[in-house]
Amino acid sequence: MKIGIISDTHSKVKKAKKALDTLVRDGAEFIVHAGDIVELETLELLRDCGLKYVAVYGNNDAHLAEYHSEFNLVQEPYFFKIAQTKFKLMHLPFYMSPDADVVIFGHTHTFDSDFKGNTLFLNSGEVCARSKPLSEWAMLEVKKSEFLVTHYTKANSSDNINQKHFKYKREHNE
């Protein structure tokens with residue numbers, strides 16, 4: 001199963017749309033937003049992308065609470081299971097214990113893909129291109145014996161989207 005991951009979109013709705021369009025084009029079957037959504041339009045993009053999704057509140061998202069029942073918004077840490085894999089989703093990296101197969105977080109605006117023990121810790125980086133002159137997002141492909149991570153980057157001054165790939169062998173406990 002392919003899971004598209006975005007985070008820290010802030011006010012950059014066009015950048016969020018580019019990231020989502022790329023993930024959908026590349027076969028994402030589920031979308032995760034790891035917080036700091038900021039704009040209602042970004043929630044609408046998630047809802048309208050044609051895929052199931054989950055989005056966690058970030059530290060800049062309190063104003064979105066009024067839309068909680070309209071969109072699939074959750075509070076952190078949020079545990080869920082898809083593709084026979086246990087996920088923990090949060091924005092703030094406060095709950096970094098290995099109590100899931102995959103721990104997805106945001107907030108740091110820095111891509112991170114780290115496999116420790118049998119847990120993948122994954123931050124897709126910042127879509128908003130606030131801390132650096134590029135937008136970033138990720139795709140996680142969950143397979144029975146491995147995790148495949150694709151890190152996407154798009155420089156602000158370019159139309160090109162670059163990809164870097166990471167592969168992690170996993171022990172799958174049914």
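Reply: Asp99 counts as partly exposed, at 32% relative accessibility (buried is under 20% relative accessible area, exposed over 50%, partly exposed in between, with a 1.4 Å probe and protein chains only). This is a predicted model, so local features need pLDDT of at least 70 and side-chain atom pairs count only at pLDDT 80 or more, while totals for chains, interfaces and linings use all residues. Residues are numbered from 1 along each chain as its sequence is written, and side-chain values use heavy atoms, leaving out hydrogens and water.

Lys88 is buried, with a relative accessible area of 1%. The side chains of Lys88 and Asp99 meet in a salt bridge, at 2.5 Å from N to O (a side-chain nitrogen of Lys or Arg within 4 Å of a carboxyl oxygen of Asp or Glu). Lys88 sits in strand β6 and Asp99 in the loop between β6 (85-89) and β7 (102-104), so this pair ties together parts 11 residues apart in sequence (strands are DSSP E runs of at least two residues and helices H or I runs of at least four, numbered from the N terminus).

The structure holds 8 salt bridges. One of them joins Asp21 to Lys17, 2.8 Å from N to O. Both of these residues lie in helix α1 (residues 13-25), 4 residues apart, or about one turn of the helix. Asp21 is partly exposed at 41%, and Lys17 is partly exposed at 40%. Then there's Asp114, which bridges to Lys116 with the closest N and O atoms 3.4 Å apart.

A polar atom of the Asp36 side chain does lie 2.9 Å from the backbone nitrogen of Asn60. Beyond neighbours within four places in sequence, the residues in contact with Asp36 include Asp8, His10, Asn59, Asn60 and His91 (contact means heavy atoms within 4.5 Å).

Terms used
Polar contact = N/O pair within 3.5 Å; in protein donor to acceptor, adjacent residues only side chain to side chain.
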